[in-house]
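Please look over the sequence and the structure shown here. A short report on selected side chains comes after them.

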Amino acid sequence: FNIQAIQGYLDACKPPLETGLNGALKIWQRPTPTGVYVCGVDVAEGIDAGGDRLDYSGVAVYEWRTCTHVADLHGQWPLDLFAKLAGELEKTYNNALLGVERNNHGHAVLLALKQLEYPHIYRHTEILDSLRGRGTPVRQQLPGWPTTTKTKPIMEQERAAAIASGGIVSYDSAFWDECLSYVQHGDGRTGAQNGTHDDRVVKHMIALQMRQHVRTGA
């Protein structure tokens, strides 16, 4: 990501209006009656690339018209409790569209949200091969956002473009710090530098995809 642009964002950071859950919840803007909100959800998978330290689960909430990061949830919880906290936060923000990364433990969070009857979970359209290779491909909608070798470069490119153009607003210095340590490794992989995390970057990238979904009505 554009380091010079990120430094400008860091200079503009400010404390949240409210905090909760011992600092794990941060709110910069309260929901408005007419606000439309989207969120990206990254679910912890265990030990991160730095070793010896657990990664984090989190939610980044955006007001979709202005692309403003209005609230953030970030911490380490059992998956069922995280699903409950995420659902409660998104209901607060007018039943925001919730884009849960479904890789690995994301499936368990999606199941818990379904059991909690959360009303607005993103469903991704998958194009599947027809049975036995005959006929036209089958389109199927599955809950959750898939971060794959196909979607991840798109997520990164669109996030990089938004950062460089000034097209987003976030006052969260922890997010921008993670952007600075999000790199391309020697084997071509992208992600956190050794000893750092990229959970915040991932949930923000998913939130931007949710914003595109709402804007296009796809």
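Predicted model: local features only at pLDDT ≥ 70, side-chain atom pairs only at ≥ 80, totals over all residues.

## Aromatic pairs

Six aromatic pairs are found in the structure. One of them joins Phe1 and Tyr182: the ring centres are 5.5 Å apart and the planes stand at 25°, so this pair is stacked. Phe1 belongs to the segment before helix 1 (3–11) and Tyr182 to strand 9 (residues 182–184), so the pair links distant parts of the chain, 181 residues apart. Phe1 is partly exposed, at 27% relative accessibility, whereas Tyr182 is buried at 9%.

Tyr9 and Trp176 are also a stacked pair, because their ring centres are 4.1 Å apart and their planes are at 5°. Here too distant parts of the chain are linked: Tyr9 is in helix 1 and Trp176 in helix 5 (residues 173–180), 167 residues apart. Tyr9 is buried, with 13% relative accessibility, and Trp176 is buried with 0%. Together with Phe175, Tyr9 and Trp176 form one aromatic cluster.

## A charge over a ring

Lys14 lies over the face of Tyr171, and its distance from the ring centre is 4.3 Å.

## His74

His74 is part of strand 5 (residues 68–75). Its relative accessible area is 10%, and since buried means under 20%, His74 is buried.

Which side chain makes a polar contact with the side chain of His74? The partner is Arg200, at 3.4 Å. Leaving aside residues up to four places away in sequence, His74 touches Ala24, Tyr56, Ser57, Gly58, Asp199, Arg200 and Lys203.

Conventions:
Residues numbered from 1 in each chain as written. Heavy atoms only, no water. Helix = DSSP H or I, 4+ residues; strand = E, 2+ residues; numbered from the N terminus. Buried < 20%, exposed > 50% of the residue type's maximum accessible area, 1.4 Å probe, protein only. Polar contact = N/O pair within 3.5 Å; in protein donor to acceptor, adjacent residues only side chain to side chain. Contact = heavy atoms within 4.5 Å. Phe/Tyr/Trp six-rings, centres within 6.5 Å; stacked < 30°, edge-to-face > 60°. Lys NZ or Arg CZ within 6 Å of the ring centre and 35° of its normal.
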